[in-house]
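Here are my notes for someone opening this entry for the first time. Please keep the sequence and the structure side by side while reading.

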Amino acid sequence: MTTFVYDVTMTCSGCSGAVTRVLNKLQGVDSFQVVLDTQKVTVESSTLTQDEILAVIQKTGKAAKVAA
């Protein structure tokens, strides 16, 4: 299993809720954590790539990038 961390611009619970919803539906996600206070999303997956997960997060309309 691989852990990926993303910086995602989330300003409210609706923003974090949108990210949570798409990750709940994404097959191949083993676990994830969305933290509004730090604007970080951590995803664990053994089958998805970093770019595949990033693309799904970006489809919510939120600015997202791989965390440094």
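Which residue in β3 is the bridge partner of T2? It is S45. The points below start from the model itself and come back to that residue.

1. Basis. This is a predicted model, where local features need pLDDT of at least 70, side-chain atom pairs count only at pLDDT 80 or more, and totals for chains, interfaces and linings use all residues. Numbering starts from 1 along each chain as its sequence is written, and side-chain values use heavy atoms, leaving out hydrogens and water.

2. The sheet. Four strands form an open sheet, in the order β2-β3-β1-β4. The pairing is antiparallel. Strands here are DSSP runs of E with at least two residues, and helices are runs of H or I with at least four, both numbered from the N terminus. Two strands pair if DSSP finds at least two bridges between them. At the edges sit β2 (29-35) and β4 (64-66), each pairing on one side only. From one strand to the next, the twist averages 25°.

3. The β1-β3 pair. Residues 2-8 make up β1, and residues 40-45 make up β3. The two run antiparallel and share 6 bridges.

4. The helices. Helix α1 (residues 13-25) lies across β1, β2 and β3, and runs at about 180° to β2. Helix α2 (residues 50-58) packs on the sheet and touches β1, β3 and β4. Its direction makes about 35° with that of β1. Angles run from 0 to 180 degrees between N-to-C directions, with axes fitted to C-alpha atoms, for helices over the stretch in contact. Contact means heavy atoms within 4.5 Å.

5. S45. This residue belongs to strand β3. S45 is buried, because its relative accessibility is 1% (buried is under 20% relative accessible area, exposed over 50%, partly exposed in between, with a 1.4 Å probe and protein chains only). Its side chain reaches the backbone oxygen of G28 at 2.6 Å. It also reaches the backbone nitrogen of L48 at 2.9 Å. Leaving aside residues up to four places away in sequence, S45 touches M1, T2, F4, G28, V29, D30 and I53.

6. The cysteines. A disulfide needs two cysteine sulfur atoms within 2.5 Å, and the structure holds 0 of them. C12 counts as partly exposed, at 34% relative accessibility. C15 is buried, at 10%.

Key:
Polar contact = N/O pair within 3.5 Å; in protein donor to acceptor, adjacent residues only side chain to side chain.
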